[in-house]
Amino acid sequence: MIERKHHVHDSNDCGVALREFAVDPPATVARASEHAIGENEARCRLHAETTTDIVSWCDLTARRRYISPAITAVLGFTPEEMIGASPIDSVHPDDAASFARVLNDLTEGRLERAMTFQRYRHADGSWVWMEISCNLTRDPVTGQPDGYVANMRDASARMSAEDALRRSEAQYRILAEALPQMVVITSAETGEALYTNPQFTAYHGAIAPSKQARFALVHPDDLTRVKRIWVRKRRLSRRHEVEARLLRRDGLYRWHRIVTMPIAQADRVEALISTALDIDEIVRGREELRRANDLLRVAQDAAAAGAWDYDPNHDRVVLSAISARMHCLTAPDACESTTIEISIKDWEARVFAEDLAGVWAAVEHGLATGTTFNVEFRALAPDHPAGCRWIQSIGRAVADSKRGEVARFVGLHLDVTSRRSAEESFRSSEARLRVSEERLALALDSSEGGLFDWDIATDEIWFSERWLNRLGLPSVASPFRAGELTDAVHPDDRDKVWQAYHAHISGTTPILEVEYRRRQADGDYFWAMSRARIVEREPDGKPRRMVGTIIDISQRKTAELRIQHMAHYDSLTGLPNRNLLRSRIDRALAHKVEAPNQHAILVCDLDHFKSINDTLGHLMGDRVLHAVAERISATVRRQDTVARLGGDEFAVVLDDIDGEASVQAVCERIIAVLDEPVILDGLQIDTSISIGGALVPGIAADAEEVFKRADMALFQAKSAGRGTYRLFEATAHARIATRSSLALDMKDAIRRGDFFLVYQPIIDVAAGAVVSFEALLRWRHPQHGLVSPADFIPVAEDTGLITPLGAWVLAEACREATNWPEGVKVSVNVSAVQFRSGLEETVLGTLATTGLPAYRLKLEVTESLLVQNPEEALAILHRLRGAGVKIALDDFGTGYSSLSYLRRFPFDKIKIDRAFIRDIADPDAAAIVRAMVGIGERLGMGIVAEGVETQEQLDLVRREGCTEVQGFLFSKPLLAAEAIKFVSDNRG
């Protein structure tokens, strides 16, 4: 029986009420307590009759005078069966004595209340655990005890759970005490030990339960890792393992594997349970195994040994990477730990057949005697000069301890090819040694090199015979002294030789190696290289003896100088190349501050040199380049640098000049000498050159910047018509930079869709109706606003962007024209660049895609386009006109005004340039317009007057016979929607 305190619904008031249910008090007492009973009777009756707990009242004789209906549901008895009976009669015999003592204390007034647990008999004969809360009741008038109220509740489930908990705790305690590991349960909040098993105490001895006391048992080197568990204890969601050394009671540390797991309740870690298993032997064995493996690996590497492992039960052999290479097998990767597994048949196929019997005999002998076998055999090696490789195999059998059978064979492979070769050679070693000695003596005497042996202590040097002759020293038996040879070293190299010598004898360099010039017998110097090392030292560390070789490296030095020359000079012309030019420019820049504008860079480019190569061939072109290099070099001074950049490009660095006037004079001289034809094999070849120049300023500028300025000036010279020169100007640079920036912005504008079209109407003079619109390209720049076509169209043509841009204009204009009335055409301007980039295919493809009839498209071309490539351009125009496309000649009168084009191609329209319309009031201008109209009428070509801005101009062009007009008098260029409205408003 377990006694616990528990709150229940009880009071003396309810006790009085319940007592009134059971007895009839004397009249005098009833009158005294009538008021109290009346207030509580209804409330207590309701509680007693409705609660699931059993409520009863007993008198001082411990006889029930009242019991609630809940008795039936809990114990199966009716209240009537239980009235008048003693509670002791229903209690389990094992619990009756203790319960009787409690009731006795209550009824005699020694206790006011009590709580007990005991088993009660159920109507079916079983026993039910009940929780009973008893409260002493007193007479409300006299205050004397008159009985007690009991509140009884079914505690079967609770007692079963507590019993199961006790059994579980007992089982876990037995388990914890039976485990070989130390077990400790600690509070997650304070770290104090709540439980330790006997193994913990047996290992550590008696220690305080605090966390600090346990941490003191951890080896200092491992303490941080162990403490980390406590730092992260509230985040532990699973087991955490750590290996650490723990202090034993005898003062020794041993390795343990510590496993810690959280004990959580309601998502909160309340405690930690840790086990510590002694793994000291495992750790030590693991460390010994690691050291053994390291030693084995070192031994294998040192001996170049490969491992093998043969499984006779499955006829498979595993070879290490080294062993695999010995058998000419390639490992899957370059890692030395990689292994290759092959069948024993595959291995036998790689071994000489006549050696296999000896191998297996050795294996059988080792198996029979239980000893290590050692055998050598030849493996096929196609990459080896002898076609095979000798391999020594050392191994032994490994038995299965359980079955007593051989499980595998393990061993090492050693490549003993060299040793076998040495043994083969040893048979004739004595003869070969004699031959070698003779050959060595001959080599030392006949080669370009020599040996020396320097006794530093005595300062005596011995040289081989041949080298003495090369040095011009007498061939005598007595040795030479170092001081006697110093003068033979070139004066410029003596410091370098002695620095190398002192660096070696001081231990700074492992070997003395130095190149220097030596004087030979005829007084000339040659390049030599000495390699030597200290082979003997005094006890105090001072050098005693040095031996080495001296080699004539004159030929190598000559080759190096040739290579150096090739690296800095052009092989065709012999001029400095771009690398050497850069260093000369850097030299000029080094003096720019103290001598501004006294140095200049010229970049020269032969004009039309490609045509020379194409017509006369590259060999003749190379000869022309050589002649040009000679002429330029002859024109400048010796201190100036002439370089070939590659192809037909040259550069000149002018030093110590007198400003811009001197640069101009040099440019004029170069242009003049190259204006003279080059005569080769009787053939006269005309040449010319364009030059761009830039002075080296005193302000900050690097070689790249100066060269870039000269290159910009060259671009200006070529643009000016070639055969001339230009010097760098900041304003020209700004224009080029602006054009470059514009080109970059145009690429972004095409991607973003910043370009758009406007449409200017062309009016029929007689009808006053719109007959056509000219599509005009506009660019709205995100920073600069509207950019003039005069600025961006030339850039587009230079960069080739006009091709995709023109294709877009054509497609957009044709698509928009499909929204206009049937008779209204659209005019699109085309560039010469488009003619070279598939204009014909673009036009026909656009018409097919948009569905616009060909007769409604008019292409406007200029005379300059026809001049550049007249035959090809006219052929394309004829084919397009044959397909139905209208062709107009734009800006007539401003270009070449060649009437031959009007005769060779039947233009549909001729557009008179606005310059003539602007001055049409002038009789001369009017006469020109009249003549143009006459030509057009005679050839059957319509006439369009551009730039009509006033009524007077309209009247005059109408009088001169122009049939169609275009200009601001009628409308500015319109957006697409505005153009449609304009057509609707001007139907004529």
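**Pockets and cavities in a predicted model**

Hi everyone, let me start inside the protein: the lining of the second largest cavity divides into 13 nonpolar residues, five polar and one charged. Here Ala, Val, Leu, Ile, Met, Phe, Trp, Tyr, Cys and Pro count as nonpolar, Asp, Glu, Lys and Arg as charged, and the others, Gly among them, as polar.

A word on the source: this is a predicted model, where local features need pLDDT of at least 70, side-chain atom pairs count only at pLDDT 80 or more, and totals for chains, interfaces and linings use all residues. Residues are numbered from 1 along each chain as its sequence is written, and side-chain values use heavy atoms, with hydrogens and water left out.

Now, my terms. On a 1 Å grid over the protein atoms alone, a cavity is a set of points where a 1.4 Å probe fits but cannot get out; a pocket is an open set with protein on both sides within 12 Å along at least five of seven lines; lining residues have an atom within 4 Å of a point. Points are joined across faces, edges and corners, and a volume is the space filled by probe spheres set on them.

Back to that second largest cavity, which holds about 300 Å³. Closest to its centre, among 19 lining residues, are Val-184, Arg-214, Val-226, Ile-258 and Ser-274. β10 gives the largest share of this lining, four residues. Strands are DSSP runs of E, at least two residues, and helices are runs of H or I, at least four, both numbered from the N terminus.

How many cavities of 30 Å³ or more are there? The count comes to seven. The largest cavity has a volume of about 390 Å³, and Trp-454, Ile-461, Val-497, Tyr-516 and Arg-518 lie nearest its centre. Elements giving two or more residues to the lining of the largest cavity include α18 (494-505) and β20 (512-519). That lining has 15 nonpolar residues, two polar and two charged.

On to the largest pocket, with about 1000 Å³ of space. It is lined by 36 residues, and those nearest its centre are Glu-774, Leu-776, Ile-793, Asn-829 and Asp-890. Among the elements that supply two or more of them are β31 (770-781), α26 (789-799) and β35 (886-892). This lining splits into 16 nonpolar, nine polar and eleven charged residues.

Finally, the whole protein: 36 helices and 38 strands. Of its 988 residues, 42% are buried, meaning under 20% relative accessible area with a 1.4 Å probe, protein chains only. Thanks, everyone!

How values were computed: Buried < 20%, exposed > 50% of the residue type's maximum accessible area, 1.4 Å probe, protein only.
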